[in-house]
Amino acid sequence: METAEKELLYRRVSREIEALLEGETDTVARMAEVAAALHGAFGFWWTGFYRICGDQLVLGPFQGPVACLRIGFGKGVCGSSWARGETIIVPDVEQFPGHIACSAASRSEIVVPVFDAGAKIAAVLDIDSASLATFDGTDARFLEGIAAMIYA
Ligand code: SME
């Protein structure tokens, strides 16, 4: 997808998500709506959240095929994003040491941290694509904005 087209779509989806979340205070409901809105708009392979529960990430609301239920701190792309507290873009999952293959069809991935109202990391937003090198800085920028809506 061209950058301009991608930006346009993210702007539209971001506005849509903002409207959908209006007045809803339950975090799981908010995550569920975000996962569905993103997944439907872009046709990703897998779109969802892992929530930090103690010393592990636990599967949260998602769209797509069944996935790993729990991921340890620092493990895989999701656990690494949690450990670093930053977005990780993986153009080719086979090149990421320790990548956790929930699905053999996943070829590239982006994981964005979700911070709570106290700026503490509370979850990660994980998106997988069935194509190589799907995600870039544009995705990171908009997805970080969308992730910030969860606890806003
Ligand atoms: N690939 C992720 C695991 C989660 S699934 O892709 C849904 C990882 O390496 O953390």
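## Cysteines

Start with Cys 53: its sulfur sits 13 Å from the closest cysteine sulfur, in Cys 78, too far for a bond. A disulfide here is a pair of cysteine sulfur atoms within 2.5 Å. With a relative accessible area of 32%, Cys 53 is partly exposed; the scale calls a residue buried under 20% relative accessible area, exposed over 50% and partly exposed in between, using a 1.4 Å probe and protein chains only. Keep in mind that this is a predicted model: local features need pLDDT of at least 70, side-chain atom pairs count only at pLDDT 80 or more, and totals for chains, interfaces and linings use all residues. Residues are numbered from 1 along each chain as its sequence is written, and side-chain values use heavy atoms, with hydrogens and water left out.

Cys 78 is in no disulfide either; its nearest cysteine sulfur belongs to Cys 102 and is 7.6 Å away. Cys 78 is buried, with a relative accessible area of 3%.

## The disulfide

The structure has 1 disulfide. Cys 68 and Cys 102 make it, with their sulfur atoms 2.1 Å apart. The torsion about that S-S bond is about -115°, so the disulfide is left-handed. The two partners come from distant parts of the chain, 34 residues apart: Cys 68 is in the loop between E2 and strand E3 (70–72), Cys 102 in the loop between strand E4 (88–90) and E5. Helices (H or I, at least four residues) and strands (E, at least two) are DSSP runs, numbered from the N terminus. Cys 102 counts as partly exposed, at 34% relative accessibility.

## Around the ligand

Which residues are closest to the ligand? Among the 13 that surround it, they are Val 77, Cys 78, Ile 100, Cys 102 and Asp 128, where being near takes a heavy atom within 4 Å.

Some polar contacts go with that. These are pairs of N or O atoms within 3.5 Å; within protein, one must be able to donate a hydrogen and the other to accept it, and residues adjacent in sequence count only if both atoms are side-chain atoms. A polar side-chain atom of Asp 128 lies 2.7 Å from a ligand oxygen, and a backbone N or O atom of Val 77 lies 2.9 Å from an oxygen atom of the ligand. On the nitrogen side, a ligand nitrogen is 3.3 Å from an N or O atom in the side chain of His 99.

## Nonpolar cores

A nonpolar core is a set of buried Ala, Val, Leu, Ile, Met, Phe, Trp, Tyr and Cys residues joined through side-chain atoms within 4.5 Å. The largest one has 27 residues, and Ile 17 and Leu 38 have the most contacts inside it. A second, separate core of 17 residues includes Tyr 50, Ile 71, Val 77 and Val 124.

## Helix H2

H2 has 16 residues, which at 1.5 Å a residue should span 22 Å; its end C-alpha atoms are 23 Å apart, which agrees. The expected span is 1.5 Å times one less than the number of residues. At the start of H2, a side-chain oxygen of Asp 26 comes within 3.1 Å of the backbone nitrogen of Val 28. Just after the helix, Gly 43 has a positive phi of about 65°.
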